[in-house]
Amino acid sequence: MSPLKKHTISFKHAFDGVLYTFKTQPNFQVHVFFAIAAASAGFFFQISRAEWSVIIFIIGLVLVAEMVNTSIEAVVDLHTEQYHDLAKVAKDVSAGMVLITAVMAVITGVLIFLPYLLTLV
């Protein structure tokens, strides 16, 4: 198989993973909604290139965290259907990772957009 064919297949599998997460994870859908809202606000307020860099990075970080969380939950569920303290730890810690990145995103959004919003009043 040619290297180009291998890369094409890899990209298809990666896209399938993003699509699966979007279709099956309500929290991912919420994160995408707020990502679109933040991007729309960025266009509306004509934020700086540096601010765009931060917004794009934090959006990516939140979406990746949600996907890692989904992956960890799937692997834990694949390993056991019974309650286990370590399975709970894995799921709780990965959910906590998403929570921390989402809170960071909100704080970042407030720091960037609040000065723009205050100019409207």
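For the packing angles I took axes as lines fitted to C-alpha atoms, for helices over the stretch in contact, with angles from 0 to 180 degrees between N-to-C directions. Helices are DSSP runs (H or I, at least four residues), numbered from the N terminus.

Source notes. The model is predicted, so I kept local features only at pLDDT of at least 70 and side-chain atom pairs only at pLDDT 80 or more, while totals for chains, interfaces and linings use all residues. Residues count from 1 along each chain as its sequence is written, and side-chain values use heavy atoms, without hydrogens and water.

Entry 1, α2 and α4. I found the axes of α2 and helix α4 (residues 85-118) 11 Å apart, at an angle of about 20°. α2 and α4 are therefore roughly parallel (angles under 35 degrees; over 145 is roughly antiparallel, 65 to 115 roughly perpendicular, the rest oblique). α2 passes α4 in a left-handed crossing, meaning that the near helix is turned anticlockwise from the far one by less than a right angle. I listed H31, A38, A41, G42 and F45 of α2 against V98, A102, F113, Y116 and L117 of α4, where contact is heavy atoms within 4.5 Å. By class I noted eight nonpolar, two polar and no charged residues. Nonpolar covers Ala, Val, Leu, Ile, Met, Phe, Trp, Tyr, Cys and Pro; charged covers Asp, Glu, Lys and Arg; the others, Gly among them, are polar.

The axes of α2 (residues 26-45) and α3 (residues 49-79) come within 10 Å and cross at roughly 175°. These two helices are therefore roughly antiparallel. The contact of α2 with α3 holds 12 nonpolar, three polar and one charged residue. Among the residues that meet are F28, V32 and F43 in α2 and W52, I59 and M67 in α3.

I read an angle of about 165° and an axis distance of 9 Å for α3 and α4. That makes α3 roughly antiparallel to α4. The contact has 20 nonpolar, four polar and five charged residues. α3 also passes α4 in a left-handed crossing.

On a 1 Å grid over the protein atoms alone, a pocket is an open set of points where a 1.4 Å probe fits, with protein on both sides within 12 Å along at least five of seven lines, and lining residues have an atom within 4 Å of a point. The largest pocket has a volume of about 350 Å³, the space filled by probe spheres set on the points, which are joined across faces, edges and corners. I found 16 lining residues, with F34, A35, A38, A105 and V106 nearest the centre. α2 gives the most to this lining, six residues.
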